[in-house]
Amino acid sequence: MLLKSDSFMIYLFGVATLGLVMSMICAMVPRLRLCLGKIYQIYAEYTPVIYLSEDRLTPVSKSRLSLVDKKTLVIDMDETMITTLRKGKYQKKPPSVPHDFEFYLPESDVTFYVYKRPHLDYFLDRVSKWYDLTIFTAGIEIYASPILDFLDRGKGILNRRLYRHDCIDILGLRAKYVSLASTDLSNVLLLDNSRTECSFNAGNAVHIKSYRIDSRDQALINLLPFLDALRFTKDVRSILQRCTRFECLTTLLESVTQKTLRS
Ligand SMILES: [Mg+2]
């Protein structure tokens, strides 16, 4: 009789333990699923690009390149090459990655933290061998100059610069026309995160997504094969006009409407 009671108690204990374990698993599954989902998202978005470390051209490529003119690549600064934050002015919390450079602007009494887009140095080193570089920023000169000096690293590759005062005013919008950098439109292109600026230069623009401070950003290195190929063309518009959406009018109207609503 005593043995039967013991067996029953062990049976009850086993059932209770099993129930407890099952309940814990059921409670953990949504968290586990969430956690696994986040891990998957991180690795699914990470697409490492391996680009040739040397710029070795085959005789055919050299011969092809000799038939076309060297092109001008106009590069935007903010949110294309770098992102800046004002000291102490974080939207939520300070970024997890450290800033690369900081400078004080006495005219505004503000210290800026500069965050370089990942692979920027490598990108500039490569494209400076393929193109004549011009930096065109809508920022004012006293703000942009210290940043560009820092990005140049004493190499003299970012010496051609255009600033806010070089932009053309279109209904209150600052337009960066590539023709201000080179009048030969067959041999000039703009790399910019602003769809409006790209629209103003439809046929001569390559859009890049805005840089939000993130160490996993691959946009610059992903662009290298495309920019490498583009330098072999006789007229960049033969390619860019096929892949640039002509949305100037809609973008312009949207911007003007938003400005009107804000004022
Ligand atoms: Mg920009």
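These are my notebook entries on a predicted model.

**Ground rules.** I'm numbering residues from 1 along each chain as its sequence is written. Since the model is predicted, local features need pLDDT of at least 70 and side-chain atom pairs count only at pLDDT 80 or more, while totals for chains, interfaces and linings use all residues. Helices (H or I, at least four residues) and strands (E, at least two) are DSSP runs, numbered from the N terminus.

In the model, residues 6–29 are 100% helix and 0% strand, with the end C-alpha atoms 34 Å apart.

I looked at the open sheet of three strands next: the order is β2-β4-β3, with antiparallel pairing (two strands pair if DSSP finds at least two bridges between them). β2 (82–86) and β3 (101–105) are at the edges with a single partner strand each, so one side of each has no neighbour in the sheet. From one strand to the next the twist averages 25°. I count five bridges between β3 and β4 (residues 110–116), and Tyr104 sits opposite Thr111 in β4. Helix α4 (residues 141–152) lies across β2, β3 and β4, at about 155° to β3; axes are lines fitted to C-alpha atoms, for helices over the stretch in contact, and angles run from 0 to 180 degrees between N-to-C directions.

**Helix α3.** Which residues of α3 (residues 120–130) are buried? I find Phe123, Leu124, Arg126 and Val127 (buried: 20 or more other C-beta atoms, placed from the backbone, within 10 Å of the residue's own). The buried residues of α3 pack against β1 (72–75), β5 (132–136) and α6 (219–230). For α3 and α6 I note an angle of about 10° and axes 10 Å apart. That makes α3 roughly parallel to α6 (angles under 35 degrees count as such). Residues making the contact include Phe123 and Trp130 of α3 and Leu224 of α6.

**Core.** The largest nonpolar core has 36 residues (buried Ala, Val, Leu, Ile, Met, Phe, Trp, Tyr and Cys joined through C-beta atoms within 7 Å). Leu73, Val74 and Ile75 are among those with the most contacts inside it. Elements that each supply at least two of its residues include β1, α3, β5 and β9 (188–192). Leaving aside neighbours within four places in sequence, I see Leu73 in contact with Val127, Tyr131, Leu133, Leu189 and Leu191 (contact: C-beta atoms, placed from the backbone, within 7 Å).

Methods
Contact = placed C-beta atoms within 7 Å. Buried ≥ 20, exposed ≤ 12 C-beta atoms within 10 Å, placed from the backbone. Parallel < 35°, antiparallel > 145°, perpendicular 65-115°, else oblique.
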